[in-house]
Every structure is written in structure tokens, then in C-alpha cells.
Amino acid sequence: MTITTGPHPTRRLILQGAAGVALLGLGNLPFAPARAAANDKYPEEAFKQKSEADAIKALYGKTAEPSDKVKLDAPEIAENGGVVPISVTTTLDKVTSISFFVAENPSALAASYKIPDGTIPAVANRLKMAKTTNVTAIVEADGKLYSATKEVKVTVGGCGG
């Protein structure tokens, strides 16, 4: 003798219930960081600049001073200009942004990052470089600009020359 107490749950019914519970849970999450990031203006004019000095002026409106507190890590020789690993760290306080500039690229500004309060000021990226040139990292801290520059030699075809 078999006793049934109601409809048997199917896999579809269980998945629908789980999805409903998950969606209800998302209703309680704050989405303020996404709205705050959407309010940041994209630096379109800075990305259009051909020279490094013009891109820095368009992005920040002032010049940077070299600092030993900004550590730019880049290879001396990049065998593949399509993926050059670059990173920057700093010991400066109140960092609000970090940007990478590649002097001989068609657009000098390669990347720019806003650094939220309380975040460790460290950024890494892989940049595309057209040829051997200087890479500059600019850190904005407490309203002032600090920089570090390093020459990266890009080899043609990975031949080391």
C-alpha cells in the first residue's frame, strides 16, 4: 500500500522556488557603490590626447613631480608589445587615483583608476605598447600629483633586439 500526501516536488519546482528566494534576498542588498561609480565622468578628452603632457593636463589639469614613494614595476625588455605587465604601488596617503601613460602610443593615456577611500593603493595591468618608450605612472594623493617613469624596450618579434 502506497500513501501519497500531495504532489511530488519536481526539479523544476525546486529550482523555481530557489530562484524566487534568491531574488527576494537581492531586494535587501544596497546598490549604492554601483550608483556612485556611474556618476564618475569618463575622461574621454584625456584618452583622445596624443602627447603625454596633453593627456596629463586634460586628466588632472596640472603637472606631476617625481617621487620615490611611487614604485612602478615594469619589465626592462618586453618581448611581446601586445601584453606588457605593469604595476604601481605607493606609500603615499589619501590616494584618489592612479593612471598609466605610454608616451609613444597613439593615445598616451593607457589606463586611469579611481581609488576609493580605505583601499590599498596598488594597481596592475597589461598594456599594449607600439614601440620602445617611457611608461609613466601618476598617483594623485592629497590633491597633489606624483610620478614614476621607466623606459620599456619592446623587441620586434621577440628577437631581443
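**Close-up views of a predicted model**

**View 1. The largest nonpolar core.** In this predicted model, the largest nonpolar core is made up of 25 residues, and within this core the residues with the most contacts are I86, V88 and F100. At least two residues of the core come from each of the strands β2, β4, β5 (95–102), β7 (122–127), β8 (133–141) and β9 (144–154).

**View 2. The surroundings of I86.** When neighbours within four places in sequence are left aside, the contacts of I86 include L72, D73 and A74, together with F100. Further along the chain, I86 also touches V123, A124, N125, L127 and V135.

**View 3. Strand β2 and its partner.** Strand β2 pairs with strand β4 (residues 84–90) in the antiparallel sense, and 4 bridges join the two. One of these links involves K71, whose bridge partner in β4 is T89.

**View 4. The whole chain for orientation.** The protein chain contains 4 helices and 9 strands, and, read from the N terminus, the order of the elements is α-α-α-α-β-β-β-β-β-β-β-β-β. Of the 161 residues in the chain, 30% are buried, while the accessible surface amounts to about 10900 Å², with 56% of this area belonging to carbon and sulfur atoms. Among contacts with a separation of 6 or more, 61% are between residues 24 or more positions apart.

Methods. Residues numbered from 1 in each chain as written. Predicted model: local features only at pLDDT ≥ 70, side-chain atom pairs only at ≥ 80, totals over all residues. Heavy atoms only, no water. Buried < 20%, exposed > 50% of the residue type's maximum accessible area, 1.4 Å probe, protein only. Contact = heavy atoms within 4.5 Å. Areas by Shrake-Rupley, 256 points an atom, 1.4 Å probe, with all protein chains shown as cover. Pairing = 2+ DSSP bridges. Core = buried A, V, L, I, M, F, W, Y, C linked by side-chain atoms within 4.5 Å.
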